[in-house]
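Subject: Structure for your review

Dear colleague,

Please find below the structure that I am handing over to you.

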Amino acid sequence: MNNFTVLMSVYANDSPLFLEEALESILNQSQLPNQLVIIQDGEISCKITEVIANFSEKVPFIVDIIVLQENHGLGFALSKGVIASSNEIIIRADADDISVNNRFEKLTSYLEKNPDISIVGSYIAEFSGSKTNIIGKRNVPLSSKEISKFAKYRSPFNHPSVAFKRSEILKIGNYRSVRGVEDYDLWIRAVYYNLSMANIPESLVLMRVGEGMYSRRGGEGYLKSYILVKYSAYKLNVINFVQFILGVLIMSIHVNLPVFFKKIIYTKLLHKIKRGR
């Protein structure tokens with residue numbers, strides 16, 4: 001067991017079955033945390049409560065549950081979780097994704113060997129149905145310089161894959177309530193404050209995908225949040241005015257596309273698996 005915290009948020013729409021699988025992947029790690037912080041973002045079902053209670057009874061580490069009476073969104077929930085962490089190293093985990101069994105070991109070892117790094121993530125493999133049915137992959141830039149450059153256009157991290165130093169995240173303002181793009185908002189400020197960042201070129205998280213993932217990236221609310229983050233990036237001089245306008249125009253078109261077309265863009269272009277011969 002090591003001195004690091006795993007941070008997860010759950011809310012009403014989470015699947016109890018998927019949550020159970022996500023939690024089991026934490027328990028099956030080659031290196032276990034000494035703290036799991038679960039933020040209950042608003043009212044949840046009895047089934048989810050039961051899954052968390054059963055899991056808490058059988059693990060050799062502390063499970064701290066923070067209950068928010070109302071649903072505030074992921075950014076607000078995670079900000080509370082960062083504050084509640086008793087360790088400097090925090091590893092993110094989503095309630096429906098699966099961590100490969102050496103993920104925590106890889107992340108903590110990387111941070112130990114590279115003490116200048118404040119945020120580290122990894123590639124992800126996307127699956128549908130069975131975790132062996134890999135349908136996509138999202139590779140991300142590896143070096144801090146490449147990450148900063150990539151952040152001008154898109155999120156340079158796979159959010160469920162990251163680990164970070166608590167003190168550095170608090171220093172740059174913690175997560176904020178920007179629904180749908182709370183991670184991108186954080187990475188923009190990490191670039192502005194010149195944090196050292198990296199990604200490990202391995203898929204350490206299996207991300208569950210479905211129609212819901214594509215539909216969430218749409219609507220007026222999502223676009224408004226995206227514009228706010230892009231404008232913040234412009235005001236911080238992380239991007240220039242042309243990059244701001246171009247990003248907003250592209251996203252304005254994207255959010256209004258039918259889910260079918262969004263799925264094609266993600267699976268056939270952005271997250272395409274490169275097949276060997």
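Which residues form a nonpolar patch on the surface? The patch consists of Phe241, Ile245 and Leu249, which together have about 280 Å² of accessible area. Patches are made of residues with over 30% relative accessible area and no salt bridge, with like charges joined within 9 Å and nonpolar side chains (Val, Leu, Ile, Met, Phe, Trp, Tyr) within 5 Å; a salt bridge is a side-chain nitrogen of Lys or Arg within 4 Å of a carboxyl oxygen of Asp or Glu. Accessible areas come from the Shrake-Rupley method with a 1.4 Å probe, and for residues only the protein chains shown count as cover.

Please note that this is a predicted model, in which local features need pLDDT of at least 70 and side-chain atom pairs count only at pLDDT 80 or more, while totals for chains, interfaces and linings use all residues. Residues are numbered from 1 along each chain as its sequence is written, and side-chain values use heavy atoms, leaving out hydrogens and water.

The protein has eleven helices and nine strands; these are DSSP runs, numbered from the N terminus (helices: H or I, at least four residues; strands: E, at least two). Of its 277 residues, 49% count as buried. Buried means under 20% relative accessible area, exposed over 50%, and partly exposed in between (1.4 Å probe, protein chains only).

The largest nonpolar core has 38 residues, and Ile119, Phe164 and Met197 have the most contacts inside it. Such a core is a set of buried Ala, Val, Leu, Ile, Met, Phe, Trp, Tyr and Cys residues joined through side-chain atoms within 4.5 Å. Among the elements that give two or more residues to this core are β2 (35–41), α7 (182–192) and α9 (219–235). Helix α7 gives the most, with six residues. A second, separate core of 32 residues includes Val6, Ala22, Ile89 and Val120.

Helix α9 has 17 residues, and Ala233 lies in this helix. Ala233 counts as buried because its relative accessibility is 1%. Not counting residues up to four places away in sequence, Ala233 touches Ile188, Val238 and Ile239, where contact means heavy atoms within 4.5 Å. Ala233 and Val191 are 42 residues apart in sequence and 9.4 Å apart in space, C-alpha to C-alpha.

Phe241, by contrast, lies in helix α10 and is partly exposed, with a relative accessible area of 47%.

Yours sincerely

Notes:
Expected span 1.5 Å × (residues − 1).
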